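I opened the notebook with the sequence and the coordinates side by side, and I wrote down what I looked up in the order in which I came to it.

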Amino acid sequence: MTQAQAPPLHLAVALEGAGWHPAAWREPDARPAELLSARYWGDLVAEAEAGYLDFVTWEDGLALGPRERSGAGGAASQVQGRLDAVLIAARVAPLTRGIGLIPTVVVTHTEPFHIAKAIATLDYVSQGRAGVRVRVSVRADEAAHVGRRPVPGRADLLAEAADYVEVLRRLWDSWDDDAEIRDVTTGRFVDIDRLHYIDFEGRWFSVRGPSITPRPPQGQPLVAALAHQDPAWELAAGSADLALVTPHDAAEAAAITAGIGQRAAAAGRAAGTVRVLADLVVFLDDREGAAADRRARLDELAGAPYASDAQIFAGTPAQLADLLLDWQAAGLAGFRLRPAALPHDLTQISRGLVPELQRRGAFRHGYPASTTRPGTLRGLLGLARPANRYAA
């Protein structure tokens, strides 16, 4: 495939604390005193939107950060404490116009009815730019905060997550698009016949419905899942719109993309229904060698080399552009980049990498224009608005 024939490259960033490196909060331009402020997150998303990125994601969890990679300073040397990801997204949404907003939810310990309502609300607040990343939890300390049950095995957790997504989608469909009549003359606000019981009965959930929130602007907000390997690939292929994967080279990217495509087809999903994006941790600087030097300095501050489930890249924006286009040719739809330090590496993405990709004709120069309203996240990613399964 030539560059001119390549499909549009999708680009997103994963926001986490002061950055993905545990010592990032000690950088001169970091803002550790503002991590619990709306302004901090608003500024980061504004920077991402200035680069016309497809979406941002927020991490979330129900316990303090992991201690197994704490380094010399222990857990006390890392950023601890966080705001709720869904509430951050809802606060930031009115400040944005084109970028998608995807908070993470720990589905192992939250009820699908509550999350369906929260993400539908986010879709309304953002005018159709919401999604949710479903995350399972195997951590005993997270389960201990809830205390309802022992932690199931990973296979059960993933099967439960698939049912969870099914409940979300059914609840989003439980109102017809035209269920709200708002007829002042007759006094009918809603057509009750266009609201539907979902009557879901599964191993883990029994949900009657309907939702209390009308069908979202996108019909169904996007569902994303991080999938390192099988059986998580099965969850992403069968239930998600976005599969976030962690290959370490182009050959592995090709194998993962093909594997998810095969599983999606086996689940009865049409080709192209699932967008596969690769995660990369990035250290970026204009001068060659500066990013590697900064990574080494941060490792020294942390007292241990930084490790990640995703491939770690340290180099210039031009070098990263080479890698992205090489991996895109392996079949990936795009990339979710994890900035090692915020705001530095995010700024390098929006002001360095994006212009480099634009010069190569590989990335958009703006969000799709609309004279009436901003486009949806589904539209930005080339995904159709789902038909309502319950509508006559």
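Which residues are linked in a network of salt bridges? I found Glu166, Arg170, Asp173, Asp177, Arg215, Arg385 and Arg389 linked in such a network, where a salt bridge is a side-chain nitrogen of Lys or Arg within 4 Å of a carboxyl oxygen of Asp or Glu.

Before going on I noted that this is a predicted model, in which local features need pLDDT of at least 70 and side-chain atom pairs count only at pLDDT 80 or more, while totals for chains, interfaces and linings use all residues. Residues are numbered from 1 along each chain as its sequence is written, and side-chain values use heavy atoms, with hydrogens and water left out.

**Salt bridges**

For burial I kept to relative accessible area: buried is under 20%, exposed is over 50%, and partly exposed lies in between (1.4 Å probe, protein chains only). Helices (H or I, at least four residues) and strands (E, at least two) are DSSP runs, numbered from the N terminus.

The side chains of arginine 31 and aspartate 43 meet in a salt bridge at 3.0 Å, N to O. This pair links distant parts of the chain, since arginine 31 sits in the loop between β1 (10-15) and α1 (38-50) and aspartate 43 in helix α1, twelve residues apart. Aspartate 43 is partly exposed, at a relative accessible area of 34%.

Arginine 135 pairs with glutamate 142, with 3.4 Å between the closest N and O atoms; here arginine 135 counts as buried at 18% relative accessibility, and glutamate 142 counts as buried at 1%. In the salt bridge of aspartate 141 with arginine 139 the closest N and O atoms are 2.6 Å apart, and I noted aspartate 141 as partly exposed at 34% and arginine 139 as partly exposed at 23%.

**Helix α2**

In helix α2 (residues 85-92) I listed Ala85, Val86, Ile88, Ala89 and Val92 as buried. They cover an arc of only 160° around the axis, which puts them on the same side of α2; the arc is that of the directions from the helix axis to the C-beta atoms. Among what covers these buried residues are α1, β2 (55-58), β3 (100-106) and α3 (112-125), contact meaning heavy atoms within 4.5 Å. Aspartate 84 caps the N-terminal end of α2, with a side-chain oxygen 3.1 Å from the backbone nitrogen of valine 86.

How many of the residues of β3 are buried? I counted seven of its seven as buried: Gly100, Ile102, Thr104 and Val106 point one way, and Leu101, Pro103 and Val105 the other way. β2 and β3 run parallel and are joined by four bridges, and strands are taken to pair if DSSP finds at least two bridges between them. Phenylalanine 55 has glycine 100 in β3 as its bridge partner. β3 also pairs in the parallel sense with strand β4 (residues 131-135), over three bridges, and there valine 106 has arginine 135 in β4 as its bridge partner.

**The nonpolar core**

I took a nonpolar core as a set of buried Ala, Val, Leu, Ile, Met, Phe, Trp, Tyr and Cys residues joined through side-chain atoms within 4.5 Å. The largest has 89 residues, of which Leu11, Leu15, Trp58, Phe335, Leu337 and Leu357 touch the most other members. Helix α5 (residues 154-172) gives the most to this core, with nine residues.

**Backbone entries**

Most residues other than glycine have a negative phi, and most peptide bonds are trans. I noted a cis peptide bond between glycine 209 and proline 210, with omega about 0°, and another between leucine 342 and proline 343, with omega about 10°. Tyrosine 52, in the loop between α1 and β2, has a positive phi near 60°. Arginine 182, in strand β5 (residues 180-183), has a positive phi near 55°.

Technical notes. A polar contact is a pair of N or O atoms within 3.5 Å; within protein, one must be able to donate a hydrogen and the other to accept it, and residues adjacent in sequence count only if both atoms are side-chain atoms.
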